[in-house]
Amino acid sequence: MSDGSDDGKEDRSEKFGNASVTMEDLRRDDAGWESEPANARAYYYKTLPRSISIFRQWPMLDSSVETAAAFAERFLSQGQGYSWTLDFSGDLFCELAYEGFLSTSLQIGTPSEPLQVMLPWNDPTRNSLDWQELHISRNTRKRAKRYSMTVDTAYDEVILNCIKMHGEGWLYRGLRALLRRLFNVGYRGKSDIHVGVHSFELWDSDGRLVAGDLGYTVGGVYTSMTGFRLQHTQGAGEVQLVLTAALLCKMGYSWWDLGMVMKYKAALGARVVSRKDFVDRLRRDRDRRVTFGHERIGGQEILQSFLDSFKEDLACRKDLAL
């Protein structure tokens, strides 16, 4: 395991290029979306690798003949970070998450005949954060008192604002529909797993939703999929990240899976872990039962609670730095 500052990409993607999109736009775009029927999926599983090279390179999951667990065993024996499937079942998403996959999506085809592809992902390296390694800047400590945090109270608004900030990127309509279903009804499969999708919301003193995070829990672990901050807000994104970590710790989660290695995550205190180490650790914590939920709480209160929990450890780290 190495320190996160040794590796990682700069996030240079264009921001707020889709700022005019509305909730009505998303609902209109998502209305009536359905996954491809079984016979169409079987056709595409045969034809897509012939016409698009990445579908020859990435492992393919046909959930009608292979379980998520069996696929994970096959996937981990090779070096690719991405795989693909045409099955947008919420239960499959959860079963893949239980095996360590963070699933995104891709849209191919034409505007009149788009095809949604789900992309279960697990890179050879990954960012994870332990609570005692969380970096909290002086500015964040000062700004925290201006905000409050909630969970699972504005799920659709978090999705909308993520798209406003990042564009659809990988959060296309098929995956949006899947996540909304899971948020509303949860996992209904046959496996004894505890996976749920959730949102964190950061509110300013005027009652505006200014930042948020979209992700899911697997037992005692929380995984971030994406997040946002409002345009022209100062420091709200950093405050949201720190308070999310503090609230996860307070709820009893073991650690935070931050997904793809990025430099800004190293600044938060995240470390780079190998895929093997990540999967081994996930398997140790994925069957823990942790109740997700918390009433609205002030930023200063949750941050002080967190700092009190790690007072001895933080003092030790300060002494070592002198």
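Helices here are DSSP runs of H or I at least four residues long, numbered from the N terminus. The model is a predicted one. Keep both points in mind as you click through.

**Stop 1: Thr244**

Select Thr244. This residue sits in helix H9, residues 236-251. Is Thr244 buried or exposed? Thr244 is buried, because its relative accessible area is 0% and buried means under 20%. Now show its surroundings. Leaving out residues up to four places away in sequence, Thr244 touches Met149, Phe200 and Trp256.

**Stop 2: Ile297**

Move to Ile297. Strand S11, residues 297-298, holds this residue. Ile297 has a relative accessible area of 4%, so Ile297 is buried too. Display its contacts, again skipping neighbours within four places in sequence. They are Ser148, Met149, Leu247, Lys250 and Ile302. Met149 was also on the contact list of Thr244. Next, draw a C-alpha to C-alpha distance from Ile297 to Tyr147. It comes to 8.9 Å, although the two residues are 150 apart in sequence.

**Stop 3**

Asp152 is not a glycine, yet its phi is positive, about 60°. Find Asp152 in the loop between strand S5 (147-151) and helix H7 (155-166). Its relative accessible area is 27%, so Asp152 counts as partly exposed.

Then select His232. Its phi is positive as well, near 70°, and this residue is also other than glycine. His232 lies in the loop between strand S8 (221-229) and H9. With a relative accessible area of 74%, His232 is exposed.

**Stop 4: H5 against H8**

Show helix H5 (residues 90-98) together with helix H8 (residues 173-185). Their axes are 9 Å apart and the packing angle is about 85°. H5 is therefore roughly perpendicular to H8, since angles of 65 to 115 degrees fall in that class. Which residues of H5 and H8 make the contact? On H5, select Gly90, Phe93 and Cys94; on H8, select Leu175, Leu178, Leu179, Arg181 and Leu182. Colour them by class. You get 6 nonpolar residues, 1 polar and 1 charged.

**Stop 5: Phe55 and Trp84**

Switch to the aromatic rings. The whole structure has 16 aromatic pairs. Take Phe55 and Trp84. Their ring centres are 4.5 Å apart and the planes meet at 50°, so this pair is tilted. Phe55 belongs to helix H3 (residues 54-57), while Trp84 is in the loop between helix H4 (68-75) and H5. The pair therefore ties together parts 29 residues apart in sequence. Phe55 is buried at 3% relative accessibility, and Trp84 is buried at 0%.

**Stop 6**

Finish with another aromatic pair. Trp255 and Phe278 are edge-to-face, with 5.9 Å from centre to centre and 90° between the planes. Trp255 lies in strand S9 (residues 255-259) and Phe278 in helix H11 (residues 275-285), so the pair links parts 23 residues apart in sequence. Both Trp255 and Phe278 are buried. What sits over the ring of Phe278? The charged end of Arg126 does, 3.9 Å from the ring centre.

Terms used:
Residues are numbered from 1 along each chain as its sequence is written. This is a predicted model: local features need pLDDT of at least 70, side-chain atom pairs count only at pLDDT 80 or more; totals for chains, interfaces and linings use all residues. Side-chain values use heavy atoms; hydrogens and water are left out. Axes are lines fitted to C-alpha atoms, for helices over the stretch in contact, and angles run from 0 to 180 degrees between N-to-C directions. Helices (H or I, at least four residues) and strands (E, at least two) are DSSP runs, numbered from the N terminus. Angles under 35 degrees count as roughly parallel, over 145 as roughly antiparallel, 65 to 115 as roughly perpendicular and the rest as oblique. Contact means heavy atoms within 4.5 Å. Ala, Val, Leu, Ile, Met, Phe, Trp, Tyr, Cys and Pro count as nonpolar, Asp, Glu, Lys and Arg as charged, and the others, Gly among them, as polar. Rings of Phe, Tyr and Trp (its six-membered ring) pair if their centres lie within 6.5 Å; planes under 30 degrees apart count as stacked, over 60 as edge-to-face and the rest as tilted. Buried means under 20% relative accessible area, exposed over 50%, partly exposed in between (1.4 Å probe, protein chains only). A charge sits over a ring if NZ of Lys or CZ of Arg is within 6 Å of the ring centre and within 35 degrees of the ring normal.
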